[in-house]
Amino acid sequence: MNALPVNDVDEWWKDAVVYCVDVESYLDTDANGTGDLSGLIDRIDHLAELGIDCLWLMPFHPTPGRDDGYDITGFYGVDHRLGSLGDFAQLVRTAHRRGIKVVIDLVVNHTSIDHPWFQEARSSVDNPFRDYYVWREDEPPDTSEMVVFHDEEKGIWSRDEITGHWYLHRFYRHQPDLNLSHPRVREEIAKIVGFWVQLGVDGFRVDAVPQLLTVGLRDEIENERGFVDPHGFLRRLRTFMNRRTGDAILLGEVNLPYEEQRTLFGTDGEGELTLVFDFVAMQNMYLSLARQDATAFARALRGRPEIPESAAWATFVRNHDELTLDQLTEEEREEVFAAFGPREEMQVYGRGLKRRLPPMLDGDPDRIRMVYSLLFSLPGTPTLFYGEEIGMGEDLGAEGRAAVRTPMQWTAGPNAGFSPVAPDDLTSPVVSGEYGPAHVNVEAQRRNPDSLWSFFVRLVRRYREVPELARGDLRVLDVGDPRVLVHVCEWRGTSTVAVHNLGPAPVTLEVPVPGERVNGAALVDVLAPDSEHRIDVGPEGTAEIRVGRFGYHWFRVL
């Protein structure tokens with residue numbers, strides 16, 4: 001089966017703005033202390049006014065709740081705490097009427113240990129579901145170096161008491177890995193995709209793609225059915241999905257070096273993942289922020305490999321997990337820890353941070369806005385995590401990744417307007433202190449034209465007006481000052497020069513302006529509130545630009 005030709009696919013995702021929501025933390029409408037789909041429906045206009053056009057939902061399926069919904073017991077339903085399939089269908093319909101696509105998590109690397117498939121599989125070695133998972137009869141060797149969550153697991157194999165055999169789990173022992181080598185498992189995954197596409201979803205964020213690439217740990221496990229080619233599996237899955245709906249996407253969580261990420265885009269003729277999160281650039285951005293020196297980030301951007309026209313990068317400042325730093329060296333990681341997470345309670349798993357951006361930057365509004373300007377100026381699809389639009393903080397008292405999955409702060413009232421129940425009955429506590437709802441909430445910021453919310457609204461609108469930022473070719477310019485990142489995005493004869501000062505002091509630069517006929521041209525800052533910041537280009541094809549402390553500009557070449 002061949003993938004659809006690029007020209008037959010609506011590439012809406014290339015200049016979309018994605019917004020990730022943890023449903024249980026967004027808005028509680030049935031007074032059980034947990035957010036629900038009805039609450040998300042009630043707040044669709046919040047997303048529409050912000051300018052969001054793609055809503056990504058974290059898992060909402062039935063779950064025992066040991067891993068915030070990523071331990072799934074049923075792929076075709078909605079957890080009873082969050083609503084019903086009818087609520088989900090209403091959410092999709094409401095979002096689509098506002099011009100908002102809906103993407104959901106596809107978590108098929110593993111299931112919950114309580115999933116009926118695993119309960120059948122563990123009942124006997126002859127059960128038909130046995131091969132849905134990966135087993136071994138002999139005691140495994142030491143696999144402590146392969147563990148994802150070092151603080152909670154000592155290896156990737158656990159012994160099941162019923163048959164005495166060992167089952168594979170790259171994550172927690174309560175999440176046994178599915179065996180994608182088995183054709184019935186691959187058929188089940190296709191059915192899952194087909195089911196949700198039929199209900200109107202516009203694509204899937206594919207969880208834990210690197211784990212899918214090591215199906216069954218092929219170096220250790222012999223399977224009489226043979227091993228599936230994971231790249232072939234992704235190609236066939238995308239083809240199947242796009243035959244059901246031509247413009248649906250696969251957004252991959254791929255925390256790997258660039259050379260390995262590149263292989264997952266496929267080709268224009270045979271696509272695999274539609275978008276891949278740019279973990280390398282994100283981690284080097286934090287290293288540059290820590291150093292107040294753009295060199296590391298510039299090096300990462302220059303190292304981005306070429307990708308097919310039918311694919312794009314997804315860019316982000318933070319996501320729903322820990323802010324991982326594992327693509328940095330140990331020394332570089334320690335630099336970031338020293339700057340943004342010096343206390344043990346701020347770190348998680350020894351490889352990342354459990355913090356949101358505003359507290360890491362000491363609430364400095366110029367620096368915070370500079371980072372988000374930088375995010376939206378990079379070719380790719382900007383992805384936001386709920387609460388970023390108002391500058392929410394984290395709960396350092398929560399364990400691990402739960403620190404940033406706190407209730408959305410709608411008002412300054414009780415429980416931040418999230419739920420009417422007693423605080424002790426909430427699914428998780430509301431953030432307290434200087435980033436609590438008394439100081440950070442949607443209601444107050446929507447009334448303030450100088451708020452972070454208002455800045456995001458302007459940022460998204462300007463992003464829509466400058467398509468070369470999303471779709472163009474990127475070049476990092478050498479301007480002789482390591483504190484400043486200057487890059488140009490060029491697309492179909494248009495050019496925009498983005499300037500970002502990562503340092504705390506003003507800087508004046510001579511910037512080379514791209515284009516063959518720049519004499520007499522001008523740079524107009526489209527991010528300036530009045531859009532009147534204009535700089536003439538000199539006869540040598542350069543422009544003198546002054547950028548303030550943690551300053552930022554998007555100069556369109558006119």
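In which sense do β4 and strand β6 (residues 166–168) pair, and over how many bridges?

A: They pair in the antiparallel sense, over two bridges. Before we go on, keep in mind that this is a predicted model, where local features need pLDDT of at least 70 and side-chain atom pairs count only at pLDDT 80 or more, while totals for chains, interfaces and linings use all residues. Residues are numbered from 1 along each chain as its sequence is written, and side-chain values use heavy atoms, with hydrogens and water left out.

Strands (E, at least two residues) and helices (H or I, at least four) are DSSP runs numbered from the N terminus, and two strands pair if DSSP finds at least two bridges between them. Now back to our piece: W135 sits opposite Y167 of β6.

Next stop, a helix. H46 lies in α2 (residues 44–50). Is H46 buried or exposed? With a relative accessible area of 6%, H46 counts as buried; that word means under 20%, whereas exposed means over 50% and partly exposed is in between (1.4 Å probe, protein chains only). Setting aside residues up to four places away in sequence, H46 touches Y19, Y26, E389, M408, W410, V442, R446 and W453, where contact means heavy atoms within 4.5 Å. H46 and R446 are 400 residues apart along the chain, yet their C-alpha atoms are separated by 9.8 Å. The side chains of H46 and E389 are also joined by a polar contact of 2.8 Å.

Y19 turns up again in the largest nonpolar core, which has 149 residues: Y19, L57 and Y286 touch the most other members. Such a core is a set of buried Ala, Val, Leu, Ile, Met, Phe, Trp, Tyr and Cys residues joined through side-chain atoms within 4.5 Å. A second, separate core of 19 residues includes L477, V507, I535 and I545.

Lastly, the cysteines. A search of the whole structure finds zero disulfides, a disulfide being a pair of cysteine sulfur atoms within 2.5 Å. For C20, the nearest cysteine sulfur is that of C54, 10 Å away.

Terms used
A polar contact is a pair of N or O atoms within 3.5 Å; within protein, one must be able to donate a hydrogen and the other to accept it, and residues adjacent in sequence count only if both atoms are side-chain atoms.
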